[in-house]
Amino acid sequence: MALNRACLDRVFAAPEPFLVTRAAVRAFAAAIGDPNPLYHDPVAARAAGHPDLLAPPTFAALVAGEAYWQLLTDPEFGLPPEGAVHLAQWFGFERALRAGDELAAETVPETMDRQAGRDRVVFRTTIDDARGGRVATVRTTLLGPAPGPG
């Protein structure tokens, strides 16, 4: 099945807000091997002028994933997640993500084309806080599964 160009510019939203917890921030920082105290110790974060733990920048991929999973699992979209290859990801921040944030994410497919005989899609995910303020924008490029034999 090929990418459905009718999905270009369609909004795919995360089904519910993403609550950034201290436990999630600490687990993510540990998983990427980052001992930065701003990601682990709320006292250190507050001493540095932040209201709570900061999340590592790539934590935004978790939040964005809640929205773009809606896109990838939509049968009309035409790019099955099984076998897809993550080509690139770009993060732009208005501010750091932090523990206590309640975030909404929306993904919009921006471009669809072919690369090396495979479908390729670039989509933009916006992440906003509970007041509607933009926190981050994530651009992701995926390459669809390799075509089967025959």
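Is Phe 28 buried or exposed, and what is its relative accessible area? Phe 28 is buried, with a relative accessible area of 15%, where buried means under 20%, exposed over 50% and partly exposed in between, with a 1.4 Å probe and protein chains only. The legends below describe a predicted model, in which local features need pLDDT of at least 70 and side-chain atom pairs count only at pLDDT 80 or more, whereas totals for chains, interfaces and linings use all residues. Residues are numbered from 1 along each chain as its sequence is written, and side-chain values use heavy atoms, with hydrogens and water left out.

**View 1. The chain as a whole.** The chain contains three helices and six strands, which are DSSP runs numbered from the N terminus (helices: H or I, at least four residues; strands: E, at least two). Along the sequence these elements follow the pattern β-β-α-α-α-β-β-β-β, and the C-alpha atoms fill a box of roughly 60 × 30 × 20 Å along the principal axes. Of the 150 residues in the chain, 41% are buried. Among contacts (heavy atoms within 4.5 Å) with a separation of 6 or more, 69% are between residues 24 or more positions apart.

**View 2. The pair of Phe 28 and Phe 59.** Four aromatic pairs are counted in the model, a pair being two rings of Phe, Tyr or Trp (its six-membered ring) with centres within 6.5 Å, and with planes under 30 degrees apart for stacked, over 60 for edge-to-face and the rest tilted. One of them joins Phe 28 and Phe 59 edge-to-face, at 5.4 Å centre to centre and with 80° between the planes. This pair links distant parts of the chain, since Phe 28 lies in helix α1 (residues 22-31) and Phe 59 in the loop between α2 (42-47) and α3 (60-72), 31 residues apart. Phe 59 is buried, at 0% relative accessibility.

**View 3. The pair of Phe 91 and Phe 93.** The ring centres of Phe 91 and Phe 93 are 6.2 Å apart and their planes meet at 10°, so this pair is stacked. Phe 91 is partly exposed, at 22% relative accessibility, and Phe 93 is also partly exposed, at 35%.

**View 4. The aromatic cluster.** Phe 18 belongs to one aromatic cluster together with Phe 28 and Phe 59.
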